[in-house]
Amino acid sequence: MDAAQQETTARARELQRSWYGEPLGALFRRLIDDLGLNQARLAAVLGLSAPMLSQLMSGQRAKIGNPAVVQRVQALQELASQVADGSVSASEATERMEEVKKSQGGSVLTGTTHSTSSSGAPTVRRVVREIQSLLRSVAAAGDIIDAADSLAPSHPELAEFLRVYGAGRTADAVAHYESHQN
């Protein structure tokens with residue numbers, strides 16, 4: 001790869017970080033690992049061609065052009081966190097991935113018992129994911145950490161909030177949220 005290609009790839013990854021919270025290569029590799037997929041299966045679930053997925057992962061392409069694919073990525077991120085915390089089994093995850101694959105966008109998980117309570121109110125995980133998504137749409141994780149570091153001496157609680165929700169794992173944010181209720 002020559003210097004111009006390296007610069008283009010670095011720029012694409014930085015754009016991905018600002019748009020999606022992290023480079024898509026890292027995000028997709030985590031989904032592959034967490035959900036037990038390979039690249040071809042992930043591409044199929046997302047509704048991307050395998051070459052397009054590869055280009056996004058390598059930084060040859062910066063942006064996912066189809067909003068429905070972006071929503072499927074978000075649905076798979078939530079599913080992966082549910083598998084990680086044990087609220088969804090591996091076999092359930094396989095079924096849910098088929099639902100995600102068939103979806104035209106929108107949240108395919110909203111109607112499940114894992115996303116809403118019996119009263120229809122959002123679960124803690126859903127609220128936390130919305131907070132994370134909002135923060136990450138405003139700034140990249142590195143910028144959020146820098147802001148938290150700046151705030152820490154005078155406002156340690158706000159700094160912690162930014163770190164946990166802006167750059168942390170969903171499970172940690174759920175624990176933080178629950179510890180600050182009541």
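1. Two residues are in contact when heavy atoms of theirs lie within 4.5 Å of each other. The points below use the word in that sense, and they concern a predicted model.

2. Overall make-up. The protein chain holds 10 helices and zero strands. Read from the N terminus, its elements run α-α-α-α-α-α-α-α-α-α. Of the 182 residues in the protein chain, 38% are buried. Among the contacts between residues at least 6 apart in sequence, 59% join residues at least 24 apart.

3. The pair α2 and α5. Two packed helices are described by the angle between their axes and the distance between the axes. For α2 and α5, the axes come within 10 Å and cross at roughly 45°. The crossing in which α2 passes α5 is left-handed.

4. Residues between α2 and α5. On the α2 side, the residues that take part are Leu27, Phe28, Arg30, Leu31, Asp34 and Leu35. They meet Val73, Leu76, Gln77, Leu79, Ala80 and Val83 of α5.

5. Helix α6. This helix covers residues 90–102, which is 13 residues. From its first C-alpha to its last, α6 reaches 19 Å, close to the 18 Å expected at 1.5 Å a residue.

6. Which residues of α6 are buried? They are Ala93, Arg96, Met97 and Val100. Seen down the axis of α6, the buried residues fall within an arc of 110°, so they line one face of the helix. Glu95 and Lys102, on the other side of α6, are exposed.

7. What do the buried residues of α6 pack against? Their partners are α2 (24–35), α3 (39–46) and α5 (67–84). Two of these partners, α2 and α5, also meet each other, with Leu27 among the α2 residues and Val73 among those of α5.

8. The pair α7 and α10. Helix α7 spans residues 124–138 and helix α10 spans residues 170–179. Their axes come within 9 Å and cross at roughly 110°. Angles of 65 to 115 degrees count as roughly perpendicular, and α7 and α10 are therefore roughly perpendicular to each other. The crossing of α7 and α10 is right-handed.

9. Residues between α7 and α10. From α7, Val124, Arg125, Val127, Val128, Arg129 and Gln132 take part. In α10 they meet Thr170, Ala173, Val174, Tyr177 and Glu178.

Technical notes: Residues numbered from 1 in each chain as written. Predicted model: local features only at pLDDT ≥ 70, side-chain atom pairs only at ≥ 80, totals over all residues. Heavy atoms only, no water. Helix = DSSP H or I, 4+ residues; strand = E, 2+ residues; numbered from the N terminus. Expected span 1.5 Å × (residues − 1). Buried < 20%, exposed > 50% of the residue type's maximum accessible area, 1.4 Å probe, protein only. Arc of directions from axis to C-beta. Axes fitted to C-alpha atoms, helices over the stretch in contact; angles between N-to-C directions. Left-handed = near helix turned anticlockwise from the far one by under 90°. Parallel < 35°, antiparallel > 145°, perpendicular 65-115°, else oblique.
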